[in-house]
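Have a look at the structure first.

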Amino acid sequence: MKTRLELIRLSFLVTLGVVLARFIFEVAGLPGASLFDLSFLVPVFAVTLSIGCLRNGMGYLGYLGTFLLYTLLVRMVVVGLIVVGDLTGWGREFFVYRNFAFGVVLPHTFFWPILSFIVGTLIWPVCAFGLQGRRARYRGSLVGITVILVIVFLALP
């Protein structure tokens with residue numbers, strides 16, 4: 001059985017490569033930095049990590065913890081590059097902030113974990129059904145979907 005860090009290693013290294021490529025493109029002023037967008041990687045790695053967790057006998061909560069750990073590690077790297085880009089003047093678009101609270105803290109400590117929770121919760125049942133069929137346990141993901149619905153319909157309005 002693999003540990004969480006072993007499960008996220010490849011996903012993290014690929015994401016790290018994309019983040020560093022974007023940073024280098026922005027520092028060099030090359031066109032095409034926006035092609036290295038992390039948003040596209042969230043669902044891809046949600047599927048990858050859910051399959052890895054299912055194959056290692058982890059349930060929904062084990063998967064969700066693994067996916068949130070991956071998100072946390074990626075966000076720490078991005079925040080570090082944002083600070084470096086802003087302090088050195090190297091960042092041009094993605095790696096600068098105008099307001100520390102709304103440009104760095106809230107998006108990377110609040111928005112991305114919530115987005116990861118939502119994407120992960122919606123993808124988990126699909127992967128679980130595809131790999132395990134009726135043997136999969138969906139109770140955790142049903143609780144997660146309920147939390148998402150409560151957030152969307154009660155907390156947001």
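## A pair inside α1

Glutamate 26 and arginine 22 sit four residues apart in helix α1, or about one turn of the helix. An α-helix has 3.6 residues a turn, so residues three or four places apart point the same way. Glutamate 26 and arginine 22 form a salt bridge, with 3.3 Å between the closest N and O atoms; the term asks for a side-chain nitrogen of Lys or Arg within 4 Å of a carboxyl oxygen of Asp or Glu. By this rule, the count comes to one salt bridge.

Are the two partners buried or exposed? Both glutamate 26 and arginine 22 are buried, where buried means under 20% relative accessible area, exposed over 50% and partly exposed in between, with a 1.4 Å probe and protein chains only.

## Ground rules

This is a predicted model, in which local features need pLDDT of at least 70 and side-chain atom pairs count only at pLDDT 80 or more, while totals for chains, interfaces and linings use all residues. Residues are numbered from 1 along each chain as its sequence is written, and side-chain values use heavy atoms, leaving out hydrogens and water.

## The overall layout

The protein has five helices and zero strands, taken as DSSP runs (H or I, at least four residues, for helices; E, at least two, for strands) and numbered from the N terminus. Of the 157 residues in the protein, 37% are buried.

## Helix α2

Helix α2 covers residues 41-55, and its 15 residues should span 21 Å at 1.5 Å a residue; the end C-alpha atoms are 21 Å apart, which agrees. That expected span is 1.5 Å times one less than the number of residues. Buried residues in α2 include Leu41, Phe45, Leu49 and Cys53. After α2 comes glycine 57, with a positive phi near 75 degrees.

## Packing against α3

The axes of α1 (residues 4-28) and α3 (residues 60-88) come within 10 Å and cross at roughly 25 degrees. That makes α1 roughly parallel to α3, since angles under 35 degrees count as roughly parallel, over 145 as roughly antiparallel, 65 to 115 as roughly perpendicular and the rest as oblique. Axes here are lines fitted to C-alpha atoms, for helices over the stretch in contact, with angles from 0 to 180 degrees between N-to-C directions.

How does α2 sit on α3? The two pack at an angle of about 140 degrees, their axes 10 Å apart, and α2 and α3 are therefore oblique to each other.
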